[in-house]
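Thank you all for coming. I would like to walk you through one structure this morning, so please have the sequence and the 3D view ready as I put them up.

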Amino acid sequence: TEEAEENIAEIHHRQPVVINQTDVNRYLNLELQGSDFLKERNKPDLIFYKISKDVNKPTNNSASLIQAI
């Protein structure tokens with residue numbers, strides 16, 4: 001995880017590190033030290049939106065769970 005971007009910080013102070021497909025080989029081949037890679041990688045633009053709390057119930061299984069409300 002890493003410190004959350006400004007638009008996500010209202011939800012949580014940390015966010016997952018997301019690696020673009022173009023950077024996967026650089027990451028797996030360890031061309032850079034881990035901390036250098038994290039600073040230099042191309043960060044994808046994340047889109048987030050509010051979804052139903054029904055997503056928290058394991059017996060629910062529907063694409064509608066991830067639709068914006």
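Predicted model: local features only at pLDDT ≥ 70, side-chain atom pairs only at ≥ 80, totals over all residues.

Let me begin with Leu46, which counts as partly exposed at 35% relative accessibility, where buried means under 20% relative accessible area, exposed means over 50%, and partly exposed lies in between, with a 1.4 Å probe and protein chains only. Residues are numbered from 1 along each chain as its sequence is written, and side-chain values use heavy atoms, with hydrogens and water left out.

Leu46 sits in the segment after α2, and, leaving aside its neighbours within four places in sequence, Leu46 is in contact with Asn7, Ile8, Gln15 and Val18, contact meaning heavy atoms within 4.5 Å. From Leu46 to Ala68 there are 22 residues in sequence and 15 Å in space, taken C-alpha to C-alpha.

Now the overall layout. The protein has two helices and two strands, and along the sequence these follow the pattern β-β-α-α; helices (H or I, at least four residues) and strands (E, at least two) are DSSP runs, numbered from the N terminus. The radius of gyration is 16 Å, well over the 11 Å that the globule rule gives for 69 residues, so the protein is more spread out than a compact globule. That radius is taken over C-alpha atoms, and the rule is 2.2 Å times the number of residues to the power 0.38. Along the principal axes, the C-alpha atoms fill a box of roughly 40 × 25 × 20 Å, and of the 69 residues, 12% count as buried.

Which residues does Arg41 contact, leaving aside its neighbours within four places in sequence? They are Glu2, Val17, Val18 and Asp23. Arg41 is found in the segment after α2, the helix that spans 34-40, and Arg41 counts as buried because its relative accessibility is 6%. Its side chain makes a polar contact with the side chain of Glu2 at 2.8 Å, and the side chain of Arg41 also reaches the backbone oxygen of Val18 at 3.2 Å. A polar contact here is a pair of N or O atoms within 3.5 Å; within protein, one must be able to donate a hydrogen and the other to accept it, and residues adjacent in sequence count only if both atoms are side-chain atoms.

Asp23, one of those partners of Arg41, lies in the loop between β2 (14-15) and α1 (24-28). Asp23 is buried, with a relative accessible area of 4%, and, apart from neighbours within four places in sequence, Asp23 is in contact with Phe37, Arg41 and Asn42. Gln21 is also placed in the loop between β2 and α1, but Gln21 is exposed, with a relative accessible area of 73%.

Finally, please turn to Asn60, in the segment after α2, which is partly exposed with a relative accessible area of 29%. Its side chain reaches the backbone oxygen of Asp54 at 2.8 Å, and, not counting residues up to four places away in sequence, Asn60 touches Asp54 and Leu65. Asn60 and Ile8 are 52 residues apart in sequence and 26 Å apart in space, C-alpha to C-alpha.
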